[in-house]
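Welcome, and thank you for taking a look at this model with me. Here are some notes to read alongside the sequence and the 3D view.

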Amino acid sequence: MSQTFPSPGLPATEPAARATGLTKAYGNGSTQVTALDEVFVEFARSRFTAVMGPSGSGKSTLMHCLAGLVPVTSGSARIGGIELSLLKERELTQLRRDKVGFVFQGFNLLPTLTALENITLPLRLAGQQPDTAWLETVIATVGLAGRLGHRPAELSGGQQQRVAVARALISRPEIIFADEPTGNLDSRSGAEILGFLRDSVRELGQTVVMVTHDPVAAAYADRVVFLADGRVVDELHEPTADRVPDRMHRFEAQDHTR
């Protein structure tokens with residue numbers, strides 16, 4: 001059974017997201033594969049957490065379960081105080097729209113819309129108008145003031161990902177899930193995106209959970225949670241690019257000696 005690794009200084013309020021005994025299995029009988037095996041983990045508000053692990057460790061599956069993108073097999077997945085398994089599909093859709101922001105490796109921008117239109121799209125779909133002051137704050141945070149009228153094809157990869165980050169921030173979600181957000185970027189653009197995500201936590205009070213395989217990317221976070229074989233096996237606070245791979249090698253070596 002996995003261990004529980006609560007965040008330090010957890011406020012009295014509910015964490016931004018929580019998995020309790022979360023198990024996710026695919027298939028049946030002899031072909032069943034357990035992607036997550038009774039995971040217990042919490043993600044505190046206004047913190048930047050990286051989730052790391054070998055390929056197949058369950059890190060992306062954990063993110064998808066906590067975001068309500070896939071149902072859990074057993075256990076609990078919560079956003080704030082909301083138990084996702086109790087929601088109908090329409091309610092899940094609304095929760096993802098109102099309380100969850102997403103940043104993916106592939107940008108996922110609409111090519112016919114300008115940068116500004118892509119940023120404000122979630123609000124428009126919800127029938128809402130953007131708060132002018134908040135929109136200006138988000139645009140300033142990601143440094144897009146001079147590119148708002150450009151369409152994705154007129155932007156670099158780094159600029160497109162900045163638009164995606166701004167889009168995730170615009171509805172002030174409870175939590176942002178980022179899945180390998182720098183995977184398609186060069187090192188300089190990747191560093192800029194990671195800096196924007198970190199700034200959104202420190203300056204805007206956002207909560208970010210980022211799946212990554214890159215120790216340098218993980219070093220931008222406040223905390224790293226390590227998964228292996230579908231279980232939480234370790235965590236590291238105040239990570240650095242040197243400490244992260246060292247910790248990964250340590251639990252990988254322990255696994256080989258079992």
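How many of the residues of β8 are buried? Strand β8 is mostly covered, with 5 of its 5 residues buried; buried means under 20% relative accessible area, exposed over 50%, and partly exposed in between (1.4 Å probe, protein chains only).

A word on conventions before the numbered points. This is a predicted model, in which local features need pLDDT of at least 70 and side-chain atom pairs count only at pLDDT 80 or more, while totals for chains, interfaces and linings use all residues. Residues are numbered from 1 along each chain as its sequence is written, and side-chain values use heavy atoms, with hydrogens and water left out.

1. **The sheet.** Six is the number to look for: an open sheet of 6 strands runs in the order β7-β8-β9-β4-β10-β11, with mixed pairing. Helices (H or I, at least four residues) and strands (E, at least two) are DSSP runs, numbered from the N terminus, and two strands pair if DSSP finds at least two bridges between them. The edges are held by β7 (100-104) and β11 (231-237); each has a single partner strand, so one side of each is left without a neighbour in the sheet. From one strand to the next, the twist averages 20°. Axes here are lines fitted to C-alpha atoms, for helices over the stretch in contact, and angles run from 0 to 180 degrees between N-to-C directions.

2. **Strand β8 and its partners.** Ile175, Phe177 and Asp179 point one way from β8, Ile176 and Ala178 point the other way, and all are buried. In general, side chains in a regular strand alternate between the two faces of the sheet. On one pairing, β7 and β8 run parallel and are joined by 5 bridges, with Phe102 opposite Phe177. On another, β8 and β9 pair in the parallel sense over 4 bridges, and the bridge partner of Phe177 in β9 is Val209.

3. **An aromatic pair.** The structure holds 1 aromatic pair. Phe102 and Phe104 form this pair, which is stacked, at 5.6 Å centre to centre and 5° between the planes. Rings of Phe, Tyr and Trp (its six-membered ring) pair if their centres lie within 6.5 Å; planes under 30 degrees apart count as stacked, over 60 as edge-to-face and the rest as tilted. Phe102 counts as buried at 17% relative accessibility, whereas Phe104, at 26%, counts as partly exposed.

4. **Strand β10.** This strand (residues 223-228) runs parallel to β4 (residues 48-52), and 4 bridges join them; Val51 stands opposite Val225 there. Between β10 and β11 there are 6 bridges, and these strands run antiparallel. Val224 faces Leu236 of β11 as its opposite residue. The hairpin of β10 and β11 has 2 residues between the strands, and Asp229 takes a positive phi near 55° in it. Leu227 is found in β10 and is buried, with a relative accessible area of 0%. Leu227 and Leu36 are 191 residues apart in sequence, yet 9.3 Å apart in space, C-alpha to C-alpha.

5. **A helix across the sheet.** Please also turn the view to α5 (residues 157-169), which lies across β7 and β8 and runs at about 170° to β7.

6. Which residues of α2 (residues 89-99) are buried? They are Leu92, Leu95 and Arg96. Seen down the axis of α2, these fall within an arc of 95°, so they line one face of the helix; the arc is that of the directions from the helix axis to the C-beta atoms. Their cover includes β5 (74-79), β6 (82-83) and β7, where contact means heavy atoms within 4.5 Å. In α3 (residues 115-125), the buried residues include Ala115, Asn118 and Leu121, and the cover includes α4 (132-142) and α5. Just after α3, Gly127 takes a positive phi of about 75°.

7. **Ala77.** This residue is found in β5 and counts as buried at 3% relative accessibility. Leaving aside neighbours within four places in sequence, Ala77 has contacts that include Arg18, Leu22, Cys65 and Ile82.
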